[in-house]
Amino acid sequence: MTMPTTLCPNRMQVHSVYQETPDVWTINLINHDFYIYDPGQFALVSIENSGDTLRAYTLSSSPGLSPFITITVRRLDNGMGSNWLTQSVKPGDYLWLSDAQGEFSCANIAHDNYLMLAAGCGVTPIMSMVRWLLANKPSANIKVLFNVRDEQQVIFSREWQYLLGQYPQQLQLCIMQGSPDRGEITQGRLTQQKLAALVPDIQSRVVMTCGPAAYMQNVQNFATELGVDAANFFMERFSTEPLLSEPALTEYKPSEAGKSTENSQTVMLKVRHQLTDYSVPVGISLLAAMELNKLPVVAACRAGVCGSCKTQIITGDYTQSSQMTLTAEEIEQGYVLACSCQLRGNIEIA
Ligand code: FES
């Protein structure tokens, strides 16, 4: 079997697939070579073993501890990657993964006290790090707040029970259920008041969070208000949320290539190698503009972390929120990360 893309050079064999919740599965992978990663990092996965579609998934296993490399995936109704991984992939199949990526990791944090906040599938890097910290740092004290819709949605429920039994002095887990909500402190949405009451020593902890973007933003605001030093706050950046949540796309309908019209709400996206123009909403990301007009682009993390959407801009008016994986030479040549490039005016790509 040949490597589908140089971005994913690591071939791994599926050992088994374990269902965690009604819509989340953990895929256990046998890695025949040495695979280096830090707890909390993610990898790109080649979907259907093709080079066209990559998706980013956290490695939910822990280096040096887990018998398998694992990814834990929630099936999304319209998610091509998650449907393939959870419904089609079976033991014996092969997957291709990138090298481990990402900076959301506790591996290089010199601290003993942690508060980990997760919502839904955001618990995957948290489990990777909690398992690793408990095994490698006897002085670690970890409090986990895990927000779920209801008790059926607790990912890794068996392993949480095991860890709580093994490390009763070091680990505290609070599962916050959205329903039923009888007004108790551990029910309903996380608020600043609940956080302050549940973690009165929050200022003395490193705070790490992963979940939907809005959840993480709330956590950051609450932590800041409660006096957590910015240097002690970390959140995961990549997301599998669909681009159609972008505000600029609410009313947008892709134009027919070559017949685009420009107005004050739109800008022109020119594609030099196609000699084609597209009219796209001002403020849209370059990635969304390309995907909506069916231009080829690979995007795995959608958050300026993985580098898979690298695109060369010849000229244009735009801003960038991340250049994380670009070299100085690539920046000099006009490369941007399409997911992290917002269009302010007309633009021409190679
Ligand atoms: S999709 Fe990962 S950097 Fe853009």
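**A guided reading of the predicted fold**

The protein exposes about 16400 Å² of surface, and carbon and sulfur atoms supply 48% of it; such accessible areas come from the Shrake-Rupley method with a 1.4 Å probe, and for residues only the protein chains shown count as cover. The model is predicted, so local features need a pLDDT of at least 70 and side-chain atom pairs count only at pLDDT 80 or more, whereas totals for chains, interfaces and linings use all residues. Residues are numbered from 1 along each chain as its sequence is written, and side-chain values use heavy atoms, with hydrogens and water left out.

We begin with the whole chain. The protein contains seven helices and 16 strands. Here, helices (H or I, at least four residues) and strands (E, at least two) are DSSP runs, numbered from the N terminus. Along the principal axes, the C-alpha atoms occupy a box of roughly 65 × 50 × 40 Å.

Of the 350 residues, 50% are buried. A residue is called buried under 20% relative accessible area, exposed over 50%, and partly exposed in between (1.4 Å probe, protein chains only). Among contacts with a separation of 6 or more, 68% join residues 24 or more positions apart; a contact means heavy atoms within 4.5 Å.

Helix α1 shows how elements cover one another. Within α1 (residues 80-88), the buried residues are Gly-81, Ser-82, Trp-84, Leu-85 and Thr-86. Their cover includes the strands β2 (24-31), β3 (42-46), β4 (54-58), β5 (69-74) and β6 (94-97).

Arg-205 is placed in the loop between α4 (192-198) and β10 (206-210). Arg-205 counts as buried because its relative accessibility is 4%. Its side chain makes a polar contact with the side chain of Asn-141, at 3.0 Å. A polar contact is a pair of N or O atoms within 3.5 Å; within protein, one must be able to donate a hydrogen and the other to accept it, and residues adjacent in sequence count only if both atoms are side-chain atoms. Leaving aside neighbours within four places in sequence, the residues in contact with Arg-205 include His-111, Tyr-114, Gln-172 and Asn-232.

Gln-187 lies in the loop between β9 (171-177) and α4. With a relative accessible area of 10%, Gln-187 is buried. Beyond its neighbours within four places in sequence, Gln-187 is in contact with Gln-177, Pro-180, Asp-181, Arg-182 and Lys-194.

Ala-338 belongs to the loop between β15 (335-337) and β16 (341-349). Ala-338 is buried, since its relative accessible area is 0%. The C-alpha atoms of Ala-338 and Leu-287 are separated by 4.6 Å, although these residues are 51 residues apart along the chain. Once neighbours within four places in sequence are left aside, the contacts of Ala-338 include Ser-285, Leu-287, Met-290 and Cys-309.

Two further residues concern the backbone. Asn-49, in the loop between β3 and β4, has a positive phi of about 55° although it is not a glycine. Asn-49 counts as partly exposed, at 24% relative accessibility. Arg-302, in the loop between α6 (286-292) and β14 (310-320), has a positive phi of about 60° and is likewise not a glycine. At 21% relative accessibility, Arg-302 counts as partly exposed.
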